[in-house]
Amino acid sequence: MNPEQPPICDYEGSDYQTSFWDMSDRVYEDRVEAIAIHRLLPESGNLLLEIGAGAGRNTPRYKAFQRVVLVDYSSTQLQQAQTNLGSSDRYIYVAANAYQLPFVAGVFNGATMIRTLHHMAEPQLALEQVRLSLQPGATFILEYANKHNLKAILRYISRQQSWSPFTPEAVEFATLNFDFHPKSVRNWLETSGFSVERQLTVSHFRIDTLKRLIPLDMLVKLDSIAQLSGNWWQLSPSVFVSASAVGDTAIAPPGALFRCLVCDHNQLEQTDDSLICPNCRYHWNYENGIYDFRLK
Ligand SMILES: C[S@@+](CC[C@H](N)C(=O)[O-])C[C@H]1O[C@@H](n2cnc3c(N)ncnc32)[C@H](O)[C@@H]1O
């Protein structure tokens, strides 16, 4: 039923939020990302799609949107997000693959994908799925890991690193962890039906010594200023892009959200424990507040 799909970086059972964020010294990274999101987020919107939401670290930052659909392949990440965000009509939790999004075309008027594209062996495929889910004019905020960063350039020039930061192909620095070239990401966005509106370079000072020596508030302020050079050059390890969905594509009818991934029917019937497709009778599981659209 699930034809050849790219491999998935599996976070099931992972303590990513605790070990990477809560227990490690990454307050600087978290704060500068918050600034970038604040700068790029539209002033208001109805429905936002957050892809690779993880434990919901960024979700409270999307206050401008009335409702947020959190998508993650890992159900345990979504459970952690539920614990962190609480149960409310504001949040809809969906276990799904970014390569196969279960949404009616043109249903969202905003989307974000933060620290998630770097797990994609087929990034353009994922970006095309995002575009399909968006209405024309919607804003997409994408963060990616930048191979063309200053540290990589210096290491390459001084022959401490074999791969070139200047060439367009991705570099897989660990299994299913990729750094991308800014030009490649912009090309994928443009060929997927986006127009790149603004770029912010983020986390310029992600260096332990600097984080130890310079007071946190000052480092955050410096990064906040440096972010503004992102439209001219991209030399930081992380880049945030805001892109607008272009083209005369579909707008979903009011009330629509999910589509069946088996037959593409888009009026699924909700029961206590599933969404049933009236066309092909496939049952999509709904348990403890999480819709499960993962095709095995
Ligand atoms: C590094 S975490 C980032 C979480 C969150 N965006 C943040 O910045 O804190 C990457 C997330 O992407 C999810 N992910 C990876 N591949 C995915 C895929 N193919 N479809 C959906 N989610 C995926 C993982 O489960 C994980 O929760």
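Predicted model: local features only at pLDDT ≥ 70, side-chain atom pairs only at ≥ 80, totals over all residues.
Reader: Good to know. Which residues come nearest to the ligand?
Author: Those are Y11, G52, G54, Y73 and A98, out of 20 residues around the ligand.

Reader: And how does that shell divide into nonpolar, polar and charged?
Author: The shell around the ligand has nine nonpolar residues, eight polar ones and three charged ones.

Reader: Thanks! Let's switch to the core. Which residues touch the most other members of the largest nonpolar core?
Author: L70, V94, A111 and F140 do, in a core of 68 residues. Strand 5 gives this core its largest share, seven residues.

Reader: What does F140 touch?
Author: Leaving out residues up to four places away in sequence, F140 touches A111, V130, L134, F194, A243 and A245.

Reader: V130 is in helix 4, I think. Which residues of helix 4 are buried?
Author: Helix 4 spans residues 123-133, and its buried residues are P123, A126, L127, Q129, V130, R131 and S133.

Reader: What covers them?
Author: The cover includes strand 1 (45-51), strand 4 (108-113), strand 5 (134-145), helix 6 (182-191), strand 8 (194-202) and strand 9 (238-245).

Reader: Nice. New topic: at what angle do helix 2 and helix 8 pack?
Author: Helix 2 (residues 27-40) and helix 8 (residues 216-226) pack at about 40°, and their axes are 10 Å apart. The crossing of helix 2 past helix 8 is right-handed.

Reader: Which residues make that contact?
Author: Helix 2 brings V27, Y28, R31, V32 and I35, while helix 8 brings L216, L219, V220, D223 and S224. Sorted by class, this contact of helix 2 with helix 8 has seven nonpolar residues, one polar and two charged.

Reader: One last thing, the backbone. What is phi of S203, and where is S203 found?
Author: Phi of S203 is near 70°, which is a positive value in a residue other than glycine. S203 lies in the loop between strand 8 and helix 7 (208-213).

Reader: Is S203 buried or exposed?
Author: S203 is buried, because 24 other C-beta atoms are within 10 Å and the cut-off for buried is 20 or more.

Reader: And what about D264?
Author: D264 also has a positive phi, near 75°, and is a residue other than glycine. Its place is the loop between strand 9 and strand 10 (269-270). D264 is exposed, with 12 other C-beta atoms within 10 Å.

Definitions and conventions. Residues numbered from 1 in each chain as written. Axes fitted to C-alpha atoms, helices over the stretch in contact; angles between N-to-C directions. Helix = DSSP H or I, 4+ residues; strand = E, 2+ residues; numbered from the N terminus. Left-handed = near helix turned anticlockwise from the far one by under 90°. Contact = placed C-beta atoms within 7 Å. Nonpolar A, V, L, I, M, F, W, Y, C, P; charged D, E, K, R; others polar. Near = placed C-beta within 6 Å. Core = buried A, V, L, I, M, F, W, Y, C linked by C-beta atoms within 7 Å.
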